[in-house]
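Please read the points with the model open beside you.

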Amino acid sequence: MIKTDFSKLGNGLVPAIIQDNDTNKVLMLGFMNEEALAKTEATGQVTFFSRTKNRLWTKGEESGNFLNVVSIATDCDNDSLLIKVNPVGPVCHTGSDTCWNENNELDDLAFIKHLQDFIDKRKQEMPEGSYTTSLFQSGTRKITQKVGEEAVETIIGAMANDDENFLYEGADLLYHLIVLLTHKGYRIEDLARELKKRHK
């Protein structure tokens, strides 16, 4: 079990902050005792100690809206937990995505990483009928050709002051560039790191 000090609050409990692994949104705050943490680690689904029910309570045991664990960390004093999860459905009993009545959605820039992860998965699984799969199967020459074509289309949209087409083709360009990066063993974050090195 992850090292945790359950003695500090005097009731054998520690706060557990639940955060979405993809969006980084804080979803809820609950409490765990040693048994709840052990069950969470064993099952891969978040279990709290309910102070109102005075028993262990697995989130989703009635609604089906489980919190599937990605990682568990303690703070510097080992007396609180940060649990990153992939939630199944809304988290709050009110039906809201979070217990602060917020929408749990990827922000625009975070979606780029999500797209990169999706393309990585396509490369690993290579499902039949997928356009992305067909690009990987076609090899470097075909992928670079598509990047070039989309770059030209983006330029045409810009020169024509056709904003809708410019953005549409720009999105195609970015997608095909990520496919090319992935094909070459890189990720979009590698370009970000290169830009960070140049930024002064």
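1. A word on residue classes comes before the rest. Ala, Val, Leu, Ile, Met, Phe, Trp, Tyr, Cys and Pro count as nonpolar. Asp, Glu, Lys and Arg count as charged, and the others, Gly among them, as polar. With those classes, the lining of the largest pocket has 11 nonpolar, eight polar and five charged residues. Bear in mind that this is a predicted model.

2. Now the pocket itself. About 550 Å³ of space lies in the largest pocket. Its lining is made up of 24 residues, and M28, K53, W57, K59 and H93 are the closest to the centre. Two elements, β2 (26–32) and β3 (47–50), each give two or more residues to this lining. Which of the elements gives the most? That is β2, with four residues.

3. Next, the fold as a whole. The protein chain has six helices and six strands. Read from the N terminus, the order of elements is β-β-α-β-β-β-β-α-α-α-α-α. The radius of gyration is 22 Å, well over the 16 Å that the globule rule gives for 200 residues, so the protein chain is more spread out than a compact globule.

4. Overall dimensions and packing follow. Along the principal axes, the C-alpha atoms of the protein chain fill a box of roughly 65 × 45 × 30 Å. Among the 200 residues of the protein chain, 32% count as buried. Take the contacts in the protein chain with a separation of 6 or more: 47% of them join residues 24 or more positions apart.

5. There is one annotated span to check. UniProt lists residues 28–100 as "domain: Phosphoribosyl-AMP cyclohydrolase", in an unreviewed entry. In the model, the end C-alpha atoms of this span lie 8 Å apart. The span is 14% helix and 38% strand.

6. Where does T23 sit? Its place is in the loop between β1 (14–20) and β2. Is T23 buried or exposed? Buried means under 20% relative accessible area. T23 has 16% relative accessibility, so it counts as buried. Which residues does T23 contact, leaving aside its neighbours within four places in sequence? They are N104, E105 and L106.

Definitions and conventions. Residues numbered from 1 in each chain as written. Predicted model: local features only at pLDDT ≥ 70, side-chain atom pairs only at ≥ 80, totals over all residues. Heavy atoms only, no water. UniProt positions renumbered as here; feature names shortened; annotations may be inferred. 1 Å grid on protein atoms, 1.4 Å probe; cavity = no way out; pocket = protein on both sides within 12 Å on 5 of 7 lines; lining within 4 Å. Points joined across faces, edges and corners; volume = space filled by probe spheres on them. Rg over C-alpha atoms; globule rule 2.2 N^0.38 Å. Buried < 20%, exposed > 50% of the residue type's maximum accessible area, 1.4 Å probe, protein only. Contact = heavy atoms within 4.5 Å.
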